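Student: I should like to learn how to read the features of a structural model in order. Could we begin with burial and then turn to strands and helices?

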Amino acid sequence: MKHSYVIDLLEGTQLLQEVTAKGWVRAFRNNQFIALNDGSTINNIQCVLELDAFAEEIIRKISVGAAIAVKGTLIESQGKGQKFEIHVKELEVLGESNPEEYPIQPKKHSLEFLRENAHLRVRTNAFGAIMRVRSTLSFAVHKYFQENGFFYVNTPIITGSDAEGAGEMFQVTSLEVGNPPRDENGNIDYSEDFFGKETNLTVSGQLEAETYAMALGKVYTFGPTFRAENSNTTRHLAEFWMIEPEVAFNTLDDNMDLAEDFIKSVVGYVMENCKDDIDFLEKRLIEEEKSKPQNQRSEMTLTEKLRFVVENNFKRVSYTEAIDILKSSKPNRNKKFNYIIEDWGADLQSEHERYLVEKHFKCPVILFDYPADIKAFYMRLNEDGKTVRAMDILFPGIGEIVGGSQREERYNVLVEKMKALNIPEEEMWWYLDTRKFGTAVHSGFGLGFERMVLFVTGMSNIRDVIPYPRTPKNAEF
């Protein structure tokens, strides 16, 4: 008989019918009650064994983590805690799990311990919920863009350009690391490398996406990106997924509208389609916050926070206005910030971004018109000559979640900016071509997918919202 998934059995449409279920044992009580979960939902289905109906050698093999198949009748449950249960007639242990060795026991485990067992942590309620939410969010991203006329573009993962100009890139080479070929000046001779030039893992698909937007109109990328940034924080990963739409003829205002509408849409979709998982994660967060001092606890529950984003307009504030607010703020005057804001031109840190969102405006904030000196070369220079048409979206608990801009479409201005930053024109000839042949105003943004998952799940460490986190000194699994 074809087996049914737990999520379908719990709907009760197969009541009083013979059903087969397969999954992993979450708990086994009194040699009679099995809590079975197959990953389709956070909820287990109770499987009830008749006492003495099964041989002792089978009962002994039923332990937490074991994979089993049960066959029986779906009935209304007599006990509390579940609406339906399976009255088991046949049981097969598909894969045993030694209780002396299986690390994921039915008790509270630290997140650090679970990171060390990342290959098994998805069998816990919390990580099952997080990864189902992540999957649904991913679908919501594609759904939004596909329904709004965008084309999905797969940009290269191996690239010869540094889109951010930050230089924090992972090199890709086939040369012998300890003894690479060298030219007459003693420099590494990359002409003998696989691609004939120095190449790296991409930090962004933006530049290539721009070229496609200038032909297809509206495009987006959604793929892995890499930063060789030695940051051991709760907000940084060396490998993460990035969502990057680019739209021809869009101004910065259009870009802000798109980003706000996109975020509201995907968050709303998850709220509608992951109710059980969000409810569980909300209760988990409430329990976790009980151990924090009152002033560090969130003023809103997870659901309230999500609803707040979906139902409120984002506050739009210029960088200049934000600096004035921060300079005169209490934590700045009292030297409570780790980075004191003294002058216009300061690069805002997470603590400043969160102050604006959580303390001052108490809603998501879009900052725009940043100093040109702290932003990338491709952002459009404003008429004042000192700011660029950049925007960042700031979220509670996260800080920056989106970074974007109107792109510099003027060939001469772009060339001058590249010269000032020592970016070789010959390496970016293809990018400059889009400014020579049919240039037009265009805009886009990048959203770190894991930061979005972090926000939606209420988790506090970005390593807990990606299956296998890649961080400094950690490439396990």
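Tutor: Burial rests on a cut-off: a residue is called buried when its relative accessible area is under 20%, exposed when that area is over 50%, and partly exposed in between. The model shown here is predicted. Cys47, with a relative accessible area of 0%, is therefore buried.

Student: Is Cys363 buried or exposed?

Tutor: Cys363 has a relative accessibility of 12%, so this residue counts as buried.

Student: How many disulfides does the structure hold?

Tutor: A disulfide is a covalent bond between the sulfur atoms of two cysteines. A search of the whole structure returns zero disulfides.

Student: Let us turn to strands. Which strands close into a barrel, and in what order?

Tutor: In a regular strand, the side chains alternate between the two faces of the sheet. Here five strands form a closed barrel, in the order β1-β2-β3-β5-β4, with mixed pairing. From one strand to the next, the twist averages 55°.

Student: In what sense does β1 pair with β2 and with β4?

Tutor: β1 (residues 18-29) runs antiparallel to β4, to which seven bridges join it; in this pair, Trp24 stands opposite Ala67. β1 is also antiparallel to β2 (residues 33-37), with five bridges between them, and there Arg29 faces Phe33. The hairpin of β1 and β2 has three residues between the strands, and Asn30 takes a positive phi near 55° in it.

Student: And how does β4 pair with β5?

Tutor: β4 (residues 67-76) and β5 (residues 84-95) are antiparallel, paired over 10 bridges. Leu74 has Ile86 of β5 opposite it.

Student: Which strands pair with β10, and in what sense?

Tutor: β6 (residues 151-152) pairs with β10 in the parallel sense over two bridges, and Phe151 has Val219 as its bridge partner in β10. With β11 (residues 239-248), β10 pairs in the antiparallel sense over nine bridges; Phe226 stands opposite Glu239 of β11.

Student: Why may β10 be described as largely enclosed?

Tutor: Of the nine residues of β10 (residues 218-226), seven are buried, so the strand is largely enclosed by the rest of the structure.

Student: Now the helices. How does the span of α11 compare with what its residues should give?

Tutor: A helix is expected to span 1.5 Å times one less than its number of residues. The 12 residues of α11 (residues 350-361) should therefore span 16 Å, and the end C-alpha atoms are 15 Å apart, which agrees.

Student: Which residues of α11 are buried, and what covers them?

Tutor: The buried residues are His352, Glu353, Tyr355, Leu356, Val357 and Phe361. Their cover includes the strands β12, β13, β14 and β15, together with the helices α9 and α10. Lys362, which follows α11, has a positive phi near 55°.

Student: Where do the buried residues of α13 lie around the helix axis?

Tutor: In α13 (residues 429-436), Tyr431, Leu432, Thr434 and Arg435 are buried. Viewed down the axis of α13, these buried residues fall within an arc of 145°, so they line one face of the helix. Elements covering them include α5 (206-216), α12 (411-420) and β16 (442-448). Gly438, which follows α13, has a positive phi near 75°.

Student: What of Lys436: how accessible is this residue?

Tutor: Lys436 belongs to α13, and its relative accessible area is 47%, so Lys436 is partly exposed.

Student: Which residues of α5 are buried, and against what do they pack?

Tutor: Gln206, Leu207, Glu208, Ala209, Glu210 and Ala213 are buried in α5. The buried residues of α5 pack against β7 (158-159), β10, β11, α13 and β16. Just after α5, Gly217 adopts a positive phi of about 90°.

Student: Finally, which residues does Arg134 contact beyond its neighbours within four places in sequence?

Tutor: Arg134 is in helix α4 (residues 125-147). With a relative accessibility of 11%, Arg134 counts as buried. Leaving aside those neighbours, Arg134 is in contact with Trp241, Phe449, Glu450, Val453, Val465, Ile466 and Pro467.

Note on methods
Residues numbered from 1 in each chain as written. Predicted model: local features only at pLDDT ≥ 70, side-chain atom pairs only at ≥ 80, totals over all residues. Heavy atoms only, no water. Pairing = 2+ DSSP bridges. Helix = DSSP H or I, 4+ residues; strand = E, 2+ residues; numbered from the N terminus. Axes fitted to C-alpha atoms, helices over the stretch in contact; angles between N-to-C directions. Disulfide = S-S within 2.5 Å. Buried < 20%, exposed > 50% of the residue type's maximum accessible area, 1.4 Å probe, protein only. Arc of directions from axis to C-beta. Contact = heavy atoms within 4.5 Å.
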